[in-house]
Amino acid sequence: MKISHETPLCLLEDSIKFNNYDYCLPHLLDKEPGYEAYFRKAKERGRYIIMDNSLHELGEAYDHERLMYWVNELKPNEFIIPDVWEDYLQSIINAEIWMDYIYPKGVELVAVVQAKTLHEASQCVRSYKNLGYGKIAFSYGAS
């Protein structure tokens, strides 16, 4: 089992002792110079980095251009493509769009299932698989 806690900025350096990998929120890379510096060092150290799209924190996925900038800059091991809270159809549309981008070598795309019903969740998973996503995650708090 691997563990990662979202860590306050003041504890990021210490988090190496208790986190098996780093979980990056891209909007903070633009907002907090210390956060950006930590993740640049984490990449140099060879830490495993999962970059989210900041949906939970912002209420919508972070700006697409900034997301692509940071994916290309940090080259995270995994990138959680933009999803839309409890909207399976828009999340599927986003998954189609984000498959068309060119990513740095070694970046694995992750699509998150968003839905309001079990039927919608099933359709979302099926669509992600048909699009070629190898890693599918499930939203922790959706209906």
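Okay, so "buried" today means under 20% relative accessible area, "exposed" means over 50%, and "partly exposed" is in between, with a 1.4 Å probe and protein chains only. Quick ground rules: this is a predicted model, where local features need pLDDT of at least 70, side-chain atom pairs count only at pLDDT 80 or more, and totals for chains, interfaces and linings use all residues. Residues are numbered from 1 along each chain as its sequence is written, and side-chain values use heavy atoms, with hydrogens and water left out.

Let's start with His27. You'll find His27 in helix 1, residues 26–31; helices here are DSSP runs of H or I, at least four residues, numbered from the N terminus. His27 counts as buried because its relative accessibility is 12%. So who does His27 touch, leaving out residues up to four places away in sequence? That would be Ser54, Glu57, Leu58 and Tyr62, where a contact is heavy atoms within 4.5 Å.

Next, cysteines. With a disulfide taken as a pair of cysteine sulfur atoms within 2.5 Å, the count comes to 0. Take Cys24: the nearest cysteine sulfur belongs to Cys10, 17 Å away, and Cys24 is in no disulfide. Cys24 is buried, at 0% relative accessible area, and Cys124 is buried with 0% too.

Last stop, the surface. Leu89, Ile93, Ile97 and Tyr101 make up a nonpolar patch there, with about 330 Å² of accessible area together. For a patch, residues need over 30% relative accessible area and no salt bridge, and nonpolar side chains (Val, Leu, Ile, Met, Phe, Trp, Tyr) are joined within 5 Å, like charges within 9 Å. A salt bridge puts a side-chain nitrogen of Lys or Arg within 4 Å of a carboxyl oxygen of Asp or Glu. Ile97 sits in helix 5, residues 88–99, and is partly exposed at 38%.

Key. Accessible areas come from the Shrake-Rupley method with a 1.4 Å probe; for residues, only the protein chains shown count as cover. Helices (H or I, at least four residues) and strands (E, at least two) are DSSP runs, numbered from the N terminus.
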